[in-house]
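I opened the model today and kept short notes. Each entry records one thing I looked up.

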Amino acid sequence: MTDLPEHARRNRALWDVWAQEFITPAEENWASDTPIWGMWGVPESQLGVLPDDLADRDVIELGCGTAYVCAWLARRGACVVGIDVSEAQLATARRLRRQHCLDFPLVHGNAEAVPYPDSSFDVAISEYGVCLWGDPQRWVPEAARLLKPGGQLVFLVNSFLLSLCMPPEEGLAATERLLRPAFGTYRIEWPGDQGIGFYPSHGEWIRLLRRSGFEIEDLIEVLPPKGATTRYPFVTLEWARKWPCEEIWKARKRRDFHP
Ligand SMILES: C[S@@+](CC[C@H](N)C(=O)[O-])C[C@H]1O[C@@H](n2cnc3c(N)ncnc32)[C@H](O)[C@@H]1O
């Protein structure tokens with residue numbers, strides 16, 4: 001991976017350090033067979049993120065991190081592949097894959113340029129993986145290339161609204177005020193070397209997804225249950241029960257799409 005774009009190179013360096021903090025939650029998620037999503041651990045039964053029938057479906061997780069989503073998919077019968085740019089995150093994923101006696105490929109690479117042929121997968125999924133840390137103008141067309149006609153793309157990211165209300169300082173929660181203009185959040189370089197994230201507006205997502213050959217099927221605004229807890233400092237439960245702090249996009253590759 002010598003030709004990584006700047007954002008991927010810098011985010012990889014951070015994730016190689018942050019990986020240590022993600023070991024305990026990874027172990028908990030691998031040990032559980034009940035998928036939970038995002039900052040608040042909202043159960044799959046409330047959100048319906050996963051396609052109904054995963055048996056024998058070819059699935060790729062783009063920015064799989066510790067790969068607990070891969071594990072949930074593999075246990076549902078999917079032929080799953082995880083790709084991540086951080087070797088340290090993949091080290092946790094590989095150890096837990098061994099410990100839980102599962103066997104699926106874990107690829108070290110940039111999910112904006114995946115070493116698999118066109119039309120390899122039925123489903124592409126990303127939970128705060130490349131969908132947050134990668135450039136959408138690179139990874140969305142790449143997801144479209146990887147999917148078979150009619151294949152499904154599902155990704156979970158911070159909401160656009162949250163991106164407007166998050167203070168730049170590390171460790172502070174979203175305010176009830178808009179802190180930055182809505183035009184210009186596409187790429188945010190967080191100060192203090194907290195990484196480079198991508199927060200397109202809804203219009204930007206819609207145009208990019210459609211241009212890349214997708215029909216948008218759903219946009220789920222995540223409401224955490226009463227009493228939900230999170231280990232992340234970015235947002236309080238009070239905020240998240242008034243405004244969506246996370247959103248899940250579901251899109252399907254058009255059968256008649258030829259780039
Ligand atoms: C919050 S984790 C999400 C993954 C998984 N849901 C988890 O919690 O373990 C973010 C992951 O995205 C990965 N990532 C960031 N940019 C990437 C890129 N361009 N290609 C592949 N993975 C990337 C990071 O290395 C990190 O492991």
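My entries below go from ground rules to sheet, helices, core and loops.

**Ground rules**

I am working with a predicted model, in which local features need pLDDT of at least 70 and side-chain atom pairs count only at pLDDT 80 or more, while totals for chains, interfaces and linings use all residues. Residues are numbered from 1 along each chain as its sequence is written, and side-chain values use heavy atoms, with hydrogens and water left out. Helices (H or I, at least four residues) and strands (E, at least two) are DSSP runs, numbered from the N terminus.

**Entry 1: the sheet**

In what order do the seven strands of the open sheet lie? I read β5-β4-β3-β6-β7-β11-β10, with mixed pairing. Two strands pair if DSSP finds at least two bridges between them. β5 and β10 (214-221) are the edge strands, and each pairs on one side only. From one strand to the next, the twist averages 15 degrees. Axes here are lines fitted to C-alpha atoms, for helices over the stretch in contact, and angles run from 0 to 180 degrees between N-to-C directions.

**Entry 2: strand β11**

I looked at β11 (residues 246-253) next. β10 and β11 pair in the antiparallel sense, over seven bridges. I found I216 opposite A251 of β11, and I220 opposite I248 of β11. β7 and β11 also pair in the antiparallel sense, over seven bridges. There, Q152 has R252 of β11 as its bridge partner. Is β11 mostly covered or mostly open? It is mostly covered, since seven of its eight residues are buried. Buried means under 20% relative accessible area, exposed over 50%, and partly exposed in between (1.4 Å probe, protein chains only).

**Entry 3: helix α7**

I traced α7 (residues 136-146) over the strands. This helix lies across β3 (58-62), β6 (121-127), β7 (147-158), β10 and β11. Its direction is at about 145 degrees to β7.

**Entry 4: helix α5**

I checked the length of α5 (residues 87-99). The expected span is 1.5 Å times one less than the number of residues. For the 13 residues of α5 that gives 18 Å, and the end C-alpha atoms are 18 Å apart, which agrees. Which residues of α5 are buried? They are Q89, L90, T92, A93, L96 and R97. Down the axis of α5, these buried residues fall within an arc of 155 degrees, so they line one face of the helix. The arc is that of the directions from the helix axis to the C-beta atoms. I recalled the general rule: an α-helix has 3.6 residues a turn, so residues three or four places apart point the same way. The buried residues of α5 pack against α1 (6-18), α2 (23-31), β4 (79-84) and β5 (106-108). Contact means heavy atoms within 4.5 Å. Just after α5, C101 has a positive phi of about 55 degrees.

**Entry 5: helix α9**

In α9 (residues 202-211), I found W205, L208 and L209 buried. They cover an arc of only 100 degrees around the axis, which puts them on the same side of α9. The face turned away from that buried side carries the exposed residues R207 and R211. The buried residues of α9 pack against α6 (130-133), α7, β7, β10 and β11. Just after α9, G213 takes a positive phi of about 105 degrees.

**Entry 6: the core**

How many residues has the largest nonpolar core? I noted 81, and L62 and W139 have the most contacts inside it. Helix α4 (residues 68-75) gives the most to this core, with seven residues. A nonpolar core is a set of buried Ala, Val, Leu, Ile, Met, Phe, Trp, Tyr and Cys residues joined through side-chain atoms within 4.5 Å. Leaving aside neighbours within four places in sequence, L62 is in contact with residues including I83, V114, I125, W139 and L146.

**Entry 7: loops**

Most residues other than glycine have a negative phi. I looked up two with a positive value. D56 has phi near 65 degrees and is in the loop between α3 (44-47) and β3. A67 has phi near 70 degrees and is in the loop between β3 and α4. Which way does burial go for each? D56 is exposed, with a relative accessible area of 63%, whereas A67 is buried, at 0%.

My last stop was P233, in the loop between β10 and α10 (237-240). P233 is partly exposed, with a relative accessible area of 37%. Leaving aside neighbours within four places in sequence, P233 is in contact with G171, L172 and A173.
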